[in-house]
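Reader: I'd like to learn how to read a model of this kind, one feature at a time. Could we put it up and start where the chains meet?

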Amino acid sequence: MNWYIVGSYAATFLLLGLEVFFLMRRARKLETKT
Amino acid sequence: MNTAVRWFWFASPHTFFPLAGTIARVCAWLAVPLALAGLYVGLVVAPTDAQQGEVYRIIFIHVPAAWMSMFIYLVMAFWAALGLAFNTRLSGMMAQALAPTGALFTFIALWTGSLWGKPTWGTYWVWDARLTSELILLFLYFGFMALHASIDDVRRADRAAAVLAIVGAVNVPIIYYSVQWWNTLHQGASVSFTKAPSMAATMFLGMILMAFAFWLYSIAVAMVRVRCLILERQ
């Protein structure tokens, strides 16, 4: 197992996933409010 | 409706709101299969590199992320300039919506580059021209977001942050040409518009697929964020 590759891919998709999660949560809150 | 009228029609946040939702959905659904295809080609199909072994596979996220970090900044500066020139509300929102995603891709480019640097160069970080200018790009994104957040009046915040975005755009060609202008540890450009790619065709394909996936992801996320900004500013 090459930990440099695992660290790169895991961090990338974790960060992109977190961005989508928090953005969708913000969008849902706003859309239910309006 | 002629083309000019349609541009102005969609320049209004109210009319752009449903269009942004459609664009976000289409781009998100296209980004997923492209990313899966890119990962498959990059991690399974592409051959092992003769010099670097398996660790070169970081290229399939590092290079597309670095491209996106620079490209998003230029698009952000474009919208910022449009907002300053025409005083359109949507332009400021577009610039504001792009900044966090641009900062994220800049961080990813730095992080993956660091993890690639250790096994190949023997160090996680070196203050060379390419790395330092990319780090400055991250600070420019942070500066843009911090400046925007520090001013309560959003229209004034749009204008102030727009000036920073436009001035900071000078850093993008510096990043791109840094490997030519200075002696750096970083390798030269992976892909050139004027020369055929020097890497294996499957390596190139994997990189391009991931670049398109990141590009569509960025559009989708920016569109969802601009919808949030439209609702928040109402």
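Author: The rule finds 3 salt bridges across the interface of chain B and chain A, a salt bridge being a side-chain nitrogen of Lys or Arg within 4 Å of a carboxyl oxygen of Asp or Glu. Before we go on, this is a predicted model, where local features need pLDDT of at least 70, side-chain atom pairs count only at pLDDT 80 or more, and totals for chains, interfaces and linings use all residues. Residues are numbered from 1 along each chain as its sequence is written, chains are lettered from A and ligands numbered from 1 in the order in which they are written, and side-chain values use heavy atoms, with hydrogens and water left out.

Reader: Which residue of chain A does Arg225(B) form a salt bridge with?

Author: With Glu19(A), and the closest N and O atoms are 2.9 Å apart. This pair joins two chains, because Arg225(B) lies in helix α8 of chain B and Glu19(A) in helix α1 (residues 3-33) of chain A. Helices here are DSSP runs (H or I, at least four residues), as strands are (E, at least two), numbered from the N terminus.

Reader: Are Arg225(B) and Glu19(A) buried or exposed?

Author: Take the cut-offs before the case: buried means under 20% relative accessible area, exposed over 50%, and partly exposed in between (1.4 Å probe, protein chains only). Arg225(B) is buried, and Glu19(A) is too. Another pair is Glu232(B) with Arg26(A), where the closest N and O atoms are 3.0 Å apart.

Reader: Which elements of chain B supply the side that touches chain A?

Author: At least two residues each come from α2 (13-45), α3, α4 and α8 of chain B. For contact, look for heavy atoms within 4.5 Å. By that test, 33 residues of chain B are in contact with 20 residues of chain A. There are also 8 residue pairs in polar contact across the interface, both at pLDDT 80 or more. A polar contact is a pair of N or O atoms within 3.5 Å; within protein, one must be able to donate a hydrogen and the other to accept it, and residues adjacent in sequence count only if both atoms are side-chain atoms.

Reader: What area is buried between chain B and chain A?

Author: Buried area is the accessible area (1.4 Å probe) that two parts lose on being put together, summed over both. Here that comes to about 2200 Å², with carbon and sulfur atoms giving 74%. Of its 34 residues, 29% count as buried.

Reader: What does Arg227(B) touch?

Author: Leaving out residues up to four places away in sequence, Arg227(B) touches Glu31(A), Phe17(B), Pro18(B), Ala20(B) and Gly21(B). Arg227(B) sits in helix α8 (residues 201-233) of chain B and counts as buried because its relative accessibility is 16%.

Reader: What caps the N-terminal end of α6(B)?

Author: Asp153(B) does, with a side-chain oxygen 3.1 Å from the backbone nitrogen of Arg155(B).
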